[in-house]
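Student: Here is a structure that is new to me. Could we go through it in questions and answers?

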Amino acid sequence: MSLGPGPAKMVPPLTARIARASNPRGTTAMWIRDRLESLWSNEDFADWYPRDGRPGLSPAQLATVCVLQYVLDLSDRQVAEAVRCRIDFKYALALELDDPGFHHSVLSDFRDRLAEGDRADRLLDLALARLTDAGLVRERTPPSAPTPPTCWPRCAT
């Protein structure tokens with residue numbers, strides 16, 4: 001399997017219109033899309049997949065699915081069904097309403113690729129940098145050095 005097509009830059013108009021009509025206040029999935037557009041691009045995963053072979057699913061979209069899965073506490077089967085059936089998930093992933101989704105086993109394969117080497121750390125660092133750039137996360141300042149207790153000389157003996 002080779003690197004698949006990247007996520008769409010814009011939510012298809014019909015998907016956006018139906019998602020907004022059915023969820024006027026939005027959902028977690030819609031919030032993620034509205035604030036982050038796309039946290040990752042397929043280029044971020046280029047070294048994970050061979051250049052030849054049948055194109056697979058977009059790893060950037062699969063990574064977003066994994067985030068939604070974690071945030072909403074869904075199993076692989078539940079999140080795959082949500083991608084297939086829920087309008088807000090189609091909105092979050094910029095999919096057409098008639099997109100068939102994917103088999104739940106795809107997520108296991110994606111996590112196996114994620115677990116290789118330092119990929120998970122690199123992906124997390126990239127996401128954190130992009131969240132910081134979007135103003136959704138503040139950079140943490142290192143804690144100041146602990147102040148020794150006033151009895152320091154007496155406690156040490």
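Predicted model: local features only at pLDDT ≥ 70, side-chain atom pairs only at ≥ 80, totals over all residues.

Student: Which side chain makes a polar contact with the side chain of Q69?

Tutor: Q69 is placed in helix α3. Beyond its neighbours within four places in sequence, Q69 is in contact with several residues, including L107 and R111. The polar contact of its side chain, at 2.7 Å, is with the side chain of D76.

Student: Is D73 buried or exposed?

Tutor: D73 is in the loop between α3 and α4. The cut-off for exposed is over 50% relative accessible area. D73 has 67% relative accessibility, so D73 counts as exposed.

Student: What phi does D73 have?

Tutor: Most residues other than glycine have a negative phi. D73 is not a glycine, yet its phi is positive, about 55°.

Student: Is A94 buried or exposed?

Tutor: A94 lies in the loop between α5 and α6. It is not a glycine and has a positive phi of about 55°. The cut-off for buried is under 20% relative accessible area. At 7% relative accessibility, A94 therefore counts as buried.

Student: Within what arc do the buried residues of α2 fall?

Tutor: The buried residues of α2 are A29, M30, I32, R33 and L36. Seen down the axis of α2, they line one face of the helix, because they fall within an arc of 160°.

Student: Which elements do the buried residues of α2 pack against?

Tutor: The helix α2 is followed by E37, whose phi is positive, near 50°. The buried residues of α2 pack against α1, α3, α5 and α7.

Student: Why are the buried residues of α6 on the same side?

Tutor: The buried residues of α6 are L107, F110 and R113. What covers them includes α3, α4 and α7. They are on the same side of α6 because they cover an arc around the axis of only 120°.

Student: How many residues line the largest pocket, and which of them lie nearest its centre?

Tutor: The largest pocket has a volume of about 550 Å³. The elements giving two or more residues to its lining are α2, α3, α6 and α7. The lining has 24 residues, and those nearest the centre of the pocket are L39, W40, V67, L124 and A127.

Student: How do the residues of that lining divide into nonpolar, polar and charged?

Tutor: The lining of the largest pocket includes L39 and W40. Its residues divide into two polar, three charged and 19 nonpolar.

Note on methods
Residues numbered from 1 in each chain as written. Heavy atoms only, no water. 1 Å grid on protein atoms, 1.4 Å probe; cavity = no way out; pocket = protein on both sides within 12 Å on 5 of 7 lines; lining within 4 Å. Points joined across faces, edges and corners; volume = space filled by probe spheres on them. Helix = DSSP H or I, 4+ residues; strand = E, 2+ residues; numbered from the N terminus. Nonpolar A, V, L, I, M, F, W, Y, C, P; charged D, E, K, R; others polar. Buried < 20%, exposed > 50% of the residue type's maximum accessible area, 1.4 Å probe, protein only. Arc of directions from axis to C-beta. Contact = heavy atoms within 4.5 Å. Polar contact = N/O pair within 3.5 Å; in protein donor to acceptor, adjacent residues only side chain to side chain.
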